[in-house]
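Please keep the sequence and the structure in view while reading.

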Amino acid sequence: MEVFEFLMHGFAIATTPKNLIIAFIGALIGTIVGMLPGLGPINGVAILLPIAYALGLPPESALILLAAVYLGCEYGGRISAILINVPGDAAAIMSTLDGYPLAKQGKAGIALSLSAVSSFIGAILATVGVVLFAPLLARWAISFGPAEYFVLMVFALTCLSGLASDAPIKTAVAALIGLILATVGMDAVTGVYRFTFDSVGLSDGIAFTTIVIGFFSISEILIMLEQTNIGQKALEQGKRNLVNFKELMFALGAIVRSGLTGFVVGILPGAGATIASAITYSNERKIAGKASKFGDGDLRGIAAPEAANNASACGSFIPMLTLGVPGSGTTAVMMGALTLYNITPGPQLFTEQPDIVWGLIASLFVGNVILLALNLPLVGFFAKMLNTPNYILIPAIAAASFVGVYSIHSTTFDLILMVAFGLFGYLLRKLHFPLSALILGYVLGHLMESNLRRALSISSGDLGILWGSPITIMLWILAIFMILLPIYRTIKSRV
């Protein structure tokens, strides 16, 4: 009952007229930022943080604003992923696999509305989990050390076999290319430059924006140009913009399972929505079996990663509030907001600053309701983007891509690199290599290397630390199972 009383106190704070307006503005800005390829929630929150402080907002209002932007970005990231096959951020990569095929079938509105409802359900499930299990789950999350995180990343990579079970070799090669790209730049430990070829532009590594826009946006432009040359018309919007009850019930099991999984992954500091969406998509594809349409426009293929994305985002607040450890890159920026107000996150925060903690938790409920109410009526408007002729759409995508990449480092080198990745991505797509596996390999590569280095540093170089705990042993068993599963399926199909 004490938790319920605290939550009601939080709702009293979050539902004041001032904070409701702040949450609405944050949700709207977050949705717009999430739509723009390459920006993502970290940039959205980072942009709003100094503005919130400069406006003199109290800490609880500032966190409500930033949380609304965070959730809005997770909602908005799906829009470009579904409509033009360009994910707004890494967590939206999985949404392209079935979202864009649905758009090509004239079901863009259905995909957008289903993703909005899935995001809402996943986030609400996770927020309930934050209320009920925050202390318990925080103690469990702290048991994950560098070794456990490294093996978790290995397990996430083995789950990629579920993204393209009919081509596990190509999936593995694509992931390997992503891992190789992640090693470019200065070694964080030794300071040695790796694979830079004496280029200053590569000294800081390859920006995520350059890679994702190059491989997805530029290659998509080339595909669209190719289709235009052979006389293909613009995609049809479709007659219906909202998911119906039957379709929702069809995907409900995937939504609930993925929401719960995303929440659990979200409480692991550093794991994030990218891993959650990859694991849940793989799991749902395996549950659905060969008779499913995963990869060709299965509703569960859009519902699962969207539920996991938002559940993970909400779950990432647990380690931030209870341990003072950011659960994601975005919550790391939000911790900066607390430090601006001379507030130290951690276990004492619940007793010393209950208004901030429970106001923020209650705002997660409020923010998701606002986002659902904001996004569903706009589904038809977003879907109409498909009616835009290619001679307008292609230059618009190209302009947004070039501006987005140039705005990061303001160098023409990044633009050249983006185009080169686009040409390479076009070739890979023609050869049916899954680009989603490549991008995930790149994202996970940084996390794998840093955690492996830390683990070996702790053990003085002893590799035994990588299988020295029950958690790592369990994760290795799961990883081996995921590797053997496609091999077994291949052998079974040939018998």
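A108 is buried, as its relative accessible area is 0%; buried means under 20% relative accessible area, exposed over 50%, and partly exposed in between, with a 1.4 Å probe and protein chains only. The residue belongs to helix α6, residues 108-141. Helices (H or I, at least four residues) and strands (E, at least two) are DSSP runs, numbered from the N terminus. A108 is 25 residues from L83 in sequence, and their C-alpha atoms are 6.7 Å apart in space.

## Basis of the model

This is a predicted model, in which local features need pLDDT of at least 70 and side-chain atom pairs count only at pLDDT 80 or more, while totals for chains, interfaces and linings use all residues. Residues are numbered from 1 along each chain as its sequence is written, and side-chain values use heavy atoms, with hydrogens and water left out.

## Overall make-up

The protein has 21 helices and 2 strands. Of its 495 residues, 57% are buried. Contact means heavy atoms within 4.5 Å. Among contacts between residues at least 6 apart in sequence, 81% join residues at least 24 apart.

## The pairing of α2 and α4

Two packed helices are described by the angle between their axes and the distance between the axes. Here, helix α2 (residues 17-35) and helix α4 (residues 59-84) have axes that come within 6 Å and cross at roughly 35°. Axes are lines fitted to C-alpha atoms, for helices over the stretch in contact, and angles run from 0 to 180 degrees between N-to-C directions. The crossing of α2 and α4 is right-handed, a term used if the near helix is turned clockwise from the far one by less than a right angle, whereas anticlockwise gives left-handed.

On the α2 side, the residues in this contact include K18, I22, G26, G30 and G34; on the α4 side, they include S61, L65, G72, G76 and S80. The residues of the contact divide into 11 nonpolar, 10 polar and 1 charged. In this division Ala, Val, Leu, Ile, Met, Phe, Trp, Tyr, Cys and Pro count as nonpolar, Asp, Glu, Lys and Arg as charged, and the others, Gly among them, as polar.

G72 is placed in helix α4 and is buried, with a relative accessible area of 0%. Not counting residues up to four places away in sequence, G72 touches A27, G30, T31 and L371. The C-alpha atoms of G72 and L372 are separated by 9.9 Å, although the two residues are 300 residues apart along the chain.

## Nonpolar cores

A nonpolar core is a set of buried Ala, Val, Leu, Ile, Met, Phe, Trp, Tyr and Cys residues joined through side-chain atoms within 4.5 Å. The largest such core has 64 residues, and L114, L181, I206, I211, F215 and I439 have the most contacts inside it. Helix α9 (residues 208-229) gives the most to this core, with 8 residues. Another core lies apart from it and has 54 residues, among them L48, L65, M334 and L338.

I211 touches L181, I206, F421, I439 and Y442, leaving out residues up to four places away in sequence.

## Buried polar and charged side chains

T96 is found in helix α5, residues 93-104, and counts as buried at 5% relative accessibility. Beyond its neighbours within four places in sequence, T96 is in contact with A81, N85, P87, P101 and F216.

D414 lies in helix α19 and is buried at 6% relative accessibility. D414 touches T210, V405 and H409, residues up to four places away in sequence not being counted.

## Cysteines

The model has 0 disulfides, a disulfide being a pair of cysteine sulfur atoms within 2.5 Å. C73 is buried at 1% relative accessibility, and C314 is buried at 0%.

## Loop residues with positive phi

F195 has a positive phi of about 55° although it is not a glycine. This residue lies in the loop between β2 (193-194) and α9, and F195 is exposed at 51% relative accessibility.

H432, also not a glycine, has a positive phi of about 65°. The loop that holds H432 is between α19 (412-430) and α20 (435-458). At 61% relative accessibility, H432 is exposed.
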